[in-house]
Amino acid sequence: MIAAQHLLRTTLIGALLAAGTLLSACNTPPDRQHFPEITFQHLPPIKLDVAQVEIVSNYRAADHADDNAADYPEAPETLAAEWARDRLQAVGQRGQATYTIIEARAVRVPLPRSSGMNAALKTEQSDRFDLSITVKLEAGNPLSGKSGALTETVTRSQTVPENMTLNQREVVLFNLLDAAMKDLNARLEASIPQYLGPLVR
């Protein structure tokens, strides 16, 4: 009788431990995917006739309740700042360039969907991801008396279907961020010579 009770107790403990392990596994979030680094270090630096380049961010995702930058493989604000570190180079003796991140806003917008029979018969777009990055570049050299300023904004949007997995969504967000940063790079490459031409070396 005692042996039977011991066996029953051992079996129950084993079952509880197994159930706990399964629950723990269910609550474990999936590992985030590894994506290529979005960088512009492979491109030649944009040399400015100033003594230093200052990078400033006036945008904080935490200040906006609807900002979903945390869903992206890397924060848009971080990449906007990295662009300046990768591309802007001070080669002068006097003056300063200030690169300011005005906005790096990422928003997820739920989309209206059908109800009733229509909802069951088709796969609909459930969300739209909007990304907007605005930066300002000001530069001046008191020795030469030359200065200039420019502001650039890039926006990208992408809708996703309701049956998309978390991994698939991460791929969409990576591609969205990569495209936005390439847009920003192209715009700044064109506008810096236009508006800061006398300071480009």
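Predicted model: local features only at pLDDT ≥ 70, side-chain atom pairs only at ≥ 80, totals over all residues.
Is F35 buried, partly exposed or exposed? F35 has a relative accessibility of 22%, so it counts as partly exposed. The points below place that residue in the wider fold.

1. Please read every value below as computed from it.

2. **Overall make-up.** The protein chain contains four helices and six strands. Along the sequence they follow the pattern α-β-β-α-β-β-α-β-β-α. The chain has 201 residues, and 32% of them count as buried. Of the contacts between residues at least 6 apart in sequence, 79% join residues at least 24 apart.

3. **The sheet.** Four strands make an open sheet in the order β2-β4-β5-β6, and the pairing is mixed. Its edges are β2 (52-57) and β6 (146-161), each of which pairs on one side only. On average, neighbouring strands in this sheet are turned by 15° against each other, direction ignored.

4. **The β2-β4 pairing.** Strand β4 covers residues 96-110 and pairs with β2 in the parallel sense. Six bridges connect the two. For a specific place to look, take S57: its bridge partner in β4 is I101.

5. **Helices on the sheet.** Helix α2 (residues 76-87) lies across β2, β4 and β5. It runs at about 155° to β4. Helix α4 (residues 166-196) also packs on the sheet, where it touches β4, β5 and β6. The direction of α4 makes about 160° with that of β6.

6. **Aromatic pairs.** There are two. In one, the ring centres of F35 and F174 are 4.8 Å apart. Their planes meet at 15°, so this pair is stacked. It links distant parts of the chain: F35 sits in the loop between α1 (2-27) and β1 (46-48), while F174 belongs to helix α4. F35 is partly exposed at 22%, whereas F174 is buried, with a relative accessible area of 11%.

7. **The W83-Y99 pair.** W83 and Y99 are stacked too, at 5.8 Å centre to centre with 25° between the planes. W83 comes from helix α2 and Y99 from strand β4, 16 residues apart. Both W83 and Y99 are buried.

8. **The nonpolar core.** The largest nonpolar core has 39 residues. Those with the most contacts inside it are W83, L88, Y99, M181 and I192. At least two core residues come from each of β1, α2, β4, β5, β6 and α4. Helix α4 gives the most, with eleven residues.

9. **I192 up close.** Which residues does I192 contact, leaving aside its neighbours within four places in sequence? They are I46, L48, W83, L88, L137, L150, G197 and V200. Two of these partners, W83 and L88, are also named among the core residues with the most contacts.

10. S132 is found in strand β5 (residues 125-141). Its relative accessibility is 16%, so S132 counts as buried. The cut-off for buried is under 20%. What does the side chain of S132 make a polar contact with? The partner is the side chain of E103, at 3.1 Å. Beyond its neighbours within four places in sequence, S132 is in contact with E103, A104, R105, T153, V154 and T155.

Definitions and conventions: Residues numbered from 1 in each chain as written. Heavy atoms only, no water. Buried < 20%, exposed > 50% of the residue type's maximum accessible area, 1.4 Å probe, protein only. Polar contact = N/O pair within 3.5 Å; in protein donor to acceptor, adjacent residues only side chain to side chain. Contact = heavy atoms within 4.5 Å. Pairing = 2+ DSSP bridges. Axes fitted to C-alpha atoms, helices over the stretch in contact; angles between N-to-C directions. Phe/Tyr/Trp six-rings, centres within 6.5 Å; stacked < 30°, edge-to-face > 60°. Core = buried A, V, L, I, M, F, W, Y, C linked by side-chain atoms within 4.5 Å.
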